[in-house]
Protein chains: 2
Amino acid sequence: MKTRREMLVAMGGVAGAASLVGAGFFNQMFASEAFASTKSNLKSGFPWKYVELDPDEVAEKAYWATYEGHCMYGVFTPIAEALAKKVGDPWKSFPVDMFRFGAAGVMGWGTLCGAVNGAAASIYLVSKDPVPLIDEVYNWYSQTSLPDYTPINPKDPKMETVQTISGSPLCHISTTKWCEASGRKFFTPERGDRCCRLVASTARKTVQLLNAQMAGSFKPQYAIPAAVQECRSCHGKGGGVENTNTKMDCTQCHDVGEDHAS
Amino acid sequence: MKTRREMLVAMGGVAGAASLVGAGFFNQMFASEAFASTKSNLKSGFPWKYVELDPDEVAEKAYWATYEGHCMYGVFTPIAEALAKKVGDPWKSFPVDMFRFGAAGVMGWGTLCGAVNGAAASIYLVSKDPVPLIDEVYNWYSQTSLPDYTPINPKDPKMETVQTISGSPLCHISTTKWCEASGRKFFTPERGDRCCRLVASTARKTVQLLNAQMAGSFKPQYAIPAAVQECRSCHGKGGGVENTNTKMDCTQCHDVGEDHAS
């Protein structure tokens, strides 16, 4: 078995290739890995009809929807309600309240951030090729300084927020990084408002991506980081170990010392 | 600030209380923490109608539904289809295909296990008091040796599986533990079949809990582990640090040495 250092050298070619061919290459590779976007056995009428929406309008509504029903609901509901207005049925009868379940990583469990759980649900429901868009939202969310949406009509006009890079789509990582950067506690109005803005950012991004795909102009801008590619070269599909399947940043939780894989 | 050792001693009383009053006390405490089950601003007709279902019948269908649309779809679809048969509309028109998005922690991202993502969605859609049931499924999934369902009509009658305790509702942790215990790789028919059985177990548990709640006989059997309570005493609501909100096992990823919080 190669040492970790040898593996790093071997991976250099792959990392170099990534920088040359851009995000699309890797995202396409992963999309085809196990989950094809197009299924032959979908029920009749699926995916549901999507028409172009105004990303900023959805974002502002998402900010307020999050105060109403938390993060997953906050992304899904304004998209569904905008489509109910423009398209009509079956959107009018969708039980949007069900997505309250995703609050704070599913009812306070701190697992998957409800914003990206809701984004994936929205995208899958309307896109004919959802996997590249879901990958894009998850990479964007993990790698971008957020929230990047400022509400036109904020709940408290005096309230501001700091931006943080989560490095992860998980709720408890995203919120803890923000708490540490802002100096605010979790159960404060400021943290709550930050999450409403984060949902607004995510809803806007989701609509931008869906609009772009529909217009034929979608191109992925984010790729899985090179460090994660390195882990996947052994632990992912086709690797010598192949004991997992993830696109998250492994090193955020797993301490990989010099003696690893030697 | 107290040392970690002093905190451990101080927490002894809480841990003791937990063993005395059982799981209900803590689950009730956490359910009321931030996410009330009952909302006054739900849309008309929500939650949707639920009638008693056969847990074993749903489990067998969940096993096969997972081969069709992966884990989240695998839990949700047989419940929705059974209710469509017994109740009719609006169940007949629910776009179950959308829950394909939850596959392998959302399209291979390894985040939240689709089985419990689907369980939470199902429960929230039909229960008038969903949070205690969601907590119960998540604690059960994390602490139980799974899968505990053997299909009546397995895809490969010769195929067997080992049981593992995940300690987590996250996909990549659950699957990696199984890969290590079984000696099988991730992208093998054996791992796939294990996940189909795990979904069947989770769908059965979900239906058992919904039936019990409807019959007025639900009592939580699982609590958040004492070690997690200890972390939450500082990092959770009301704690001196209060920089996060989770019910997952912190120590599974976070190495807490003797000098922690000293």
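How many helices and how many strands does chain A have? Chain A has 8 helices and 0 strands, where helices (H or I, at least four residues) and strands (E, at least two) are DSSP runs numbered from the N terminus. This is a predicted model, in which local features need pLDDT of at least 70 and side-chain atom pairs count only at pLDDT 80 or more, while totals for chains, interfaces and linings use all residues. Residues are numbered from 1 along each chain as its sequence is written, chains are lettered from A and ligands numbered from 1 in the order in which they are written, and side-chain values use heavy atoms, with hydrogens and water left out.

**Chain A**

- Along the sequence, the elements of chain A follow the pattern α-α-α-α-α-α-α-α.
- Of the 262 residues of chain A, 55% count as buried, a term that means under 20% relative accessible area, with exposed meaning over 50% and partly exposed in between (1.4 Å probe, protein chains only).
- Where contacts (heavy atoms within 4.5 Å) in chain A join residues at least 6 apart in sequence, 70% of them join residues at least 24 apart.

**How the two chains meet**

- In the interface, 67 residues of chain A are in contact with 67 residues of chain B.
- The area buried between chain A and chain B is about 5,900 Å², of which carbon and sulfur atoms give 67%; buried area is the accessible area (1.4 Å probe) that two parts lose on being put together, summed over both.
- Between chain A and chain B the count is 2 salt bridges, each being a side-chain nitrogen of Lys or Arg within 4 Å of a carboxyl oxygen of Asp or Glu.
- Lys43(B) forms a salt bridge with Glu68(A), and the closest N and O atoms of this pair are 3.8 Å apart.
- On the side of chain A that touches chain B, at least two residues each are supplied by α2 (23-34), α3 (55-86), α4 (114-126), α5 (130-143) and α6 (171-182) of chain A.

- The same surface serves both copies, as 100% of the contact residues of chain A recur in chain B.

**Phe186(B)**

- Phe186(B) lies in the loop between α6 (171-182) and α7 (189-215) of chain B, and Phe186(B) is buried, with a relative accessible area of 3%.
- Not counting residues up to four places away in sequence, Phe186(B) touches Glu242(A), Asn243(A), Thr244(A) and Asn245(A), as well as Thr175(B), Cys179(B) and Arg191(B).

**Salt bridges within the chains**

- Over all chains, the count comes to 14 salt bridges.
- Asp56(A) forms a salt bridge with Arg204(A), with the closest N and O atoms 3.5 Å apart.
- This pair links distant parts of the chain, since Asp56(A) is in helix α3 of chain A and Arg204(A) is in helix α7 (residues 189-215) of chain A, 148 residues apart.
- Asp56(A) is partly exposed at 42% relative accessibility, whereas Arg204(A) is buried at 16%.
- Arg184(B) forms a salt bridge with Glu190(B), the closest N and O atoms being 3.5 Å apart; Arg184(B) is partly exposed at 41% relative accessibility, whereas Glu190(B) is buried at 18%.
- Salt bridges that share partners join Asp56(A), Asp148(A) and Arg204(A) into one network.
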